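Take a walk through this protein, one place at a time. Keep the sequence and the model side by side as you read.

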Amino acid sequence: MPLLILMAATQGTTQGKEGGDQNFDYMFKLLIIGNSSVGKTSFLFRYADDAFTSAFVSTVGIDFKVKTVYKNDKRIKLQIWDTAGQERYRTITTAYYRGAMGFILMYDITNEESFHCVQDWSTQIKTYSWDNAQVVLAGNKCDMEEERVVAADSGRQLAEQLGFEFFETSAKDNINVKQTFERLVDIICDRMSESLDTDPAVTTGTPSTKLTDSAPPLQQSACNC
């Protein structure tokens, strides 16, 4: 489906349990995917709630959180889906790929198998998602340097081969978590600018349009009455 049609369906006001009653200029559906236990849920909680727990609880099926960010004076609602990595949930999770504008494809730098599976996850994105979906590859748990088995250069090289952006991250130490999401949103906005004649305040990557969690200040009225 062309990006123009996709964006037309994600602008305006939304109601319902997935987002509540919110006004927004754009809504981006994002998915975090990868093998089980690579840290997807912890990564999402760190970004959405700035919280971390070392207790591992396997995600059953799929869950999501909503976070609102601002790019200049535009309100962007991020609907971020946390997917289960186990094979038995694959038919459930791939159903959510449709309509996703961005993916964070995650592996664990201490787990070589999770790294080898990146190619398979990439194929699934191509198979089940829109052609315009953007992807960032994240090598998580970079705080566990002593247990590292996947070199940063290996992750960077694979990302280049697949045409993805790359970050090494740590949900525990809050390393590159926000930066990964911000970069993914920026890439989506850049692609929007190539497909749509939209407000430059959203689509350009100039310093004045840096992503922020805070709403822009209210403009003072010039009226003297």
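Start at Ser37, which sits in the loop between β3 and α2 (40-49). Helices (H or I, at least four residues) and strands (E, at least two) are DSSP runs, numbered from the N terminus. Ser37 has a positive phi of about 75°, although it is not a glycine.

A word on the source. This is a predicted model, in which local features need pLDDT of at least 70 and side-chain atom pairs count only at pLDDT 80 or more, while totals for chains, interfaces and linings use all residues. Residues are numbered from 1 along each chain as its sequence is written, and side-chain values use heavy atoms, with hydrogens and water left out.

Now step back to the whole protein. It holds 8 helices and 9 strands. Of its 225 residues, 48% are buried. The accessible surface comes to about 11500 Å², and carbon and sulfur atoms hold 47% of that surface. Accessible areas come from the Shrake-Rupley method with a 1.4 Å probe; for residues, only the protein chains shown count as cover. Contacts tell about the fold as well. A contact means heavy atoms within 4.5 Å. Take the contacts between residues at least 6 apart in sequence: 72% of them join residues at least 24 apart.

In β3, 9 of 9 residues are buried. In a regular strand the side chains alternate between the two faces of the sheet. Tyr26, Phe28, Leu30, Ile32 and Gly34 point one way from β3. Met27, Lys29, Leu31 and Ile33 point the other way. All of these residues are buried.

Which strands pair with β3? One is β5 (residues 74-83), which pairs with β3 in the parallel sense over 7 bridges. Two strands pair if DSSP finds at least two bridges between them. Along this pairing, Leu30 stands opposite Ile80. The partner of Leu31 in β5 is Trp81. The other strand is β6 (residues 102-108), which runs parallel to β3 and is joined to it by 5 bridges. There Leu31 stands opposite Phe103. β5 is itself largely enclosed by the rest of the structure, because 9 of its 10 residues are buried.

Lys29 counts as buried because its relative accessible area is 15%. What does Lys29 touch, leaving out residues up to four places away in sequence? The list is Gln79, Trp81, Tyr96, Arg98, Gly99, Ala100, Met101 and Gly102. Lys77 is 48 residues from Lys29 in sequence, yet their C-alpha atoms are 8.5 Å apart.

Next comes the loop between β7 and α6, where Arg148 is found. Arg148 is partly exposed, as its relative accessible area is 21%. Beyond its neighbours within four places in sequence, Arg148 is in contact with Ile109, Thr110, Cys142 and Glu168. Thr110 lies 38 residues from Arg148 in sequence, and 4.5 Å separates their C-alpha atoms. Ala151 lies in the loop between β7 and α6 (152-162) too. Ala151 is partly exposed because its relative accessible area is 37%. From Ala151 to Gly139, 12 residues apart along the chain, the C-alpha distance is 9.5 Å.

Go on to Asn174, in the loop between β8 (165-168) and α7. Asn174 has a positive phi of about 55° and is not a glycine. Asn174 counts as partly exposed because its relative accessibility is 40%.

End at the second largest pocket. On a 1 Å grid over the protein atoms alone, a pocket is an open set of points where a 1.4 Å probe fits, with protein on both sides within 12 Å along at least five of seven lines; lining residues have an atom within 4 Å of a point. The pocket is lined by 17 residues, and Ala133, Gln134, Val135, Gly163 and Phe164 lie nearest its centre. α5 (118-128), β7 (134-140) and α7 (177-195) each supply at least two lining residues. The largest share, 4 residues, comes from α7.

How values were computed
Buried < 20%, exposed > 50% of the residue type's maximum accessible area, 1.4 Å probe, protein only.
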